[in-house]
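Let's take a walk through a protein chain together, one piece at a time. Keep the picture open beside you and follow along as we go.

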Amino acid sequence: MASTLEKFIHSLDPRALPRVLQIQEGFYFQGSIYEMFGNECSLSTGEVIKVIGFKINKLIARFCENNEVSQFSAKVELPLNFPGLYKVLADKTPYVSIEEITRKVSIGPTRFGHPCFYSTEDIKLANFTIKHGEQITFNSVEEINGMMSVNCGVIRNNQSHSFTLPLSQEGKFYECEDDQIYTLKEIAEWKIPKSRNRIVKLSNTLHTWDSSNPLPENFDGCLILTPVYEVQAVMKFRKDIVHILSDLDVEVKDITDCYDINSFLQPLSLEDVFERTSKEFPMVAEIMEGPSGRQKPYNLLYAGKEIVIYKKYQATRVLASEIRSDPPKRYFLIPMSYKGKFKRRPREFPTAYDLEIARSEKEQLHVVATKAFDSPHKELFSVSVGDQFLVQECQTSEVLYEGRKKHIDVLACEQILSDTYKKVLLPMYMEGGFVEVIHDKKQYQLSEICKEFPLPFNVKVAVRDLSIEEDVLAAVPGLQFEEEITDSYLLISSTSNPLESWEIPVYHLNMSVHLLNKDVQTAVPPVTKTTVEEISEEQYYMVRRYENQTLHPPPRPPKKPMTLAPKPVFAVPKQGVSDVLQAPKNFCVDITKKLCSDQDADVSELQVSCQNDLVQRENKNDMTGKATVVETSVIKGLTNTALGKCEVENEEEEEHDYEYVDENIIENIRKVFQDTSIGNKHEPPEGRR
């Protein structure tokens, strides 16, 4: 039975792929030419294509009132990257079985793939009864004892209870209300059921309205979203993959059951290749669809090129992010074979609790306060901007609280004064600001950093990797090494140049191949090259979710007592002074603190100028020395707006004996994927999609 391409794709279960379709009739007929993404193909009546995949390309949005749409409602086209955060409204139409839910709703390992439903009637299981109206979380679908079932969970009295429901379970199941907010891209990938539309409410536009915005100014209503799919297909006599939009005005007929599907080329993604057994390697393949990018080897992987795939394996990478105040940040996966060298950069710590986490036995943590704190207890220390501390250890201290003696966690430190050290105690709940003082001038290899220091760790490239043509890390002013990850890779080489091989990532490269029946040399090329991968923000958060799914979060810092007096924005010395402070390793530091106020603009600026003099000191072991004067000026403007924008100007010289960089950054808005990637305490564990 023939149907429109749009109707067929909207009802197609991805698990039923691939499907063979025959073009029946429509606007494009009798040899008409259709072009999409630079792929030109002929869609003649009677043409046979094999559909190998489909994904949402864009969304058609209609305005609605009271969650209803009329035939006169205006339509707008929204790209998936259209800015804004949206709240998903629960579908009022029930599902009649668990099987229908699994067929139409996306269920996957990430928290986006954990939909929640409730039943209008009690469901009695062998040793468990699900009450009507109770929220059921669908976690995964798998075969249990020969029967396809859904792993589910409910929360009662703050305790999670797990159970399974067979796909044959019938009833009336309604969507639960979702209190989260999502981007359009996340909604398109996870929150639009097959054969159904999705109603969403705009929560935050994330940008200022202008005339190019397809939504009306100050729009705060609801939208009904209808997806338009991009269909990936293979044609009979072509060696590439064609892309067709589902709203193309043609009718198709599913002839899979009466057609030899093996007569088509079989495209394989890199994930498909990786899932093959190790005994099947090495293999020869021809690229059907290559990745984009100018960097080697991606610029060599074009359609029609033959490659040898030698083996699959896991390899270690360091996940790094660019240190900068304004978005967007850049993200990288750095191989352990990277030959460049790094210098340390100061870390920033928003609380005393972060200082406790960061301290190590290897070296003493030396910090400068960038934000003041007025202690409510006389037993604890009040911090002024510019105070310097050596972090010691966490301990318990007795304080007077509401007339009673109480024990609280504190951080023991030594305050650096002009000619001595003073022992002080900082409350662990202290919300201040500290920047690290670096005394280490050594240049480190990547492997040395991972071995000697705990991550996260701030660095900058001191010597670029000369073995690669363009070192993308060298142009980045600062990097934060966040964690070591293990990822999947394929080792490949060109059939025309078998002496050089490359590692290519399985999950970060969009590439399709088909296997060739050709003999291949089994010996792996002697030279294997790796590259620094620059990944997207979406890929970054996917990697973080995958790596951290089995890790327990760190303990929360102690909470500040509710009745404590509020701390002032800045604590300023009564008079400006310049004190000569003695720092570790015979450093003498001259700190001048100055507070500037601009009443007209309602902006306070804190200027901290640090002049560091390395003076010659005589002792038994060192009779010679030299003096180096280094001046670092840090100017920070703190606004009183919600965005809290912060700009930092910093001048550095190679002769610095230590670096003092103040980058107390407040982000303009929380990043969209950061909002939706960090699960809250009510959410189940996450995994890799």
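Let's begin with a pair of strands. Strand β27 (residues 366-371) and strand β28 (residues 388-401) are antiparallel partners, joined over three bridges. Within this pairing, Val368 has Gln388 of β28 as its bridge partner. In general, strands of a sheet pair through backbone hydrogen bonds, either parallel or antiparallel.

Before going further, note that this is a predicted model, in which local features need pLDDT of at least 70, side-chain atom pairs count only at pLDDT 80 or more, and totals for chains, interfaces and linings use all residues. Residues are numbered from 1 along each chain as its sequence is written, and side-chain values use heavy atoms, with hydrogens and water left out.

Now step back to see where β27 and β28 belong. They are part of an open sheet of six strands, in the order β26-β31-β27-β28-β29-β30, with antiparallel pairing. The edges are taken by β26 (348-351) and β30 (421-427); each has a single partner strand, so one side of each is left without a neighbour in the sheet. From one strand to the next, the twist averages 35 degrees; such angles run from 0 to 180 degrees between N-to-C directions, with axes as lines fitted to C-alpha atoms, for helices over the stretch in contact.

Strand β9 (residues 116-119) and strand β15 (residues 170-175) run antiparallel and are joined by three bridges, with Ser119 bridged to Phe173 in β15. β9 also pairs with strand β12 (residues 136-144) in the antiparallel sense, over two bridges, and there Phe117 stands opposite Ile136. Next, seven bridges join β12 to β13, where Val141 has Val150 as its bridge partner. Finally, strand β13 (residues 147-156) meets strand β14 (residues 159-166) over eight antiparallel bridges, and Val150 stands opposite Leu165 in β14.

Which residue takes a positive phi in the hairpin of β13 and β14? It is Asn157, with phi near 55 degrees, in a hairpin with two residues between the strands. The hairpin of β12 and β13 also has two residues between its strands, and there Asn145 takes a positive phi near 55 degrees. Asn145 counts as exposed because its relative accessibility is 80%; buried means under 20% relative accessible area, exposed over 50%, and partly exposed in between (1.4 Å probe, protein chains only). Ser195, in the loop between α3 and β17 (198-204), has a positive phi of about 65 degrees although it is not a glycine. Most residues other than glycine have a negative phi, and most peptide bonds are trans. A cis peptide bond joins Leu17 and Pro18, and another cis bond joins Phe281 and Pro282.

Let's turn to some buried residues. Six of the eight residues of helix α3 (residues 184-191) are buried, so the helix is largely enclosed by the rest of the structure; Trp190 is one of them. Met283, in strand β22 (residues 283-289), counts as buried because its relative accessibility is 8%. Not counting residues up to four places away in sequence, Met283 touches several residues, including Val273, Ile307 and Leu515, where contact means heavy atoms within 4.5 Å. His514, in strand β35 (residues 512-516), is likewise buried, at 6% relative accessibility.

How far can we trust the picture? The mean pLDDT of the chain is 76, and 74% of its residues reach 70 or more; pLDDT is the predictor's confidence in each residue, from 0 to 100. Confidence is highest in β9, at a mean of 96, and lowest in strand β41 (residues 628-638), at 32. Over residues 562-689 the pLDDT is below 50. Where pLDDT is low, the predicted coordinates should not be read in detail.

Notes
Two strands pair if DSSP finds at least two bridges between them. Helices (H or I, at least four residues) and strands (E, at least two) are DSSP runs, numbered from the N terminus.
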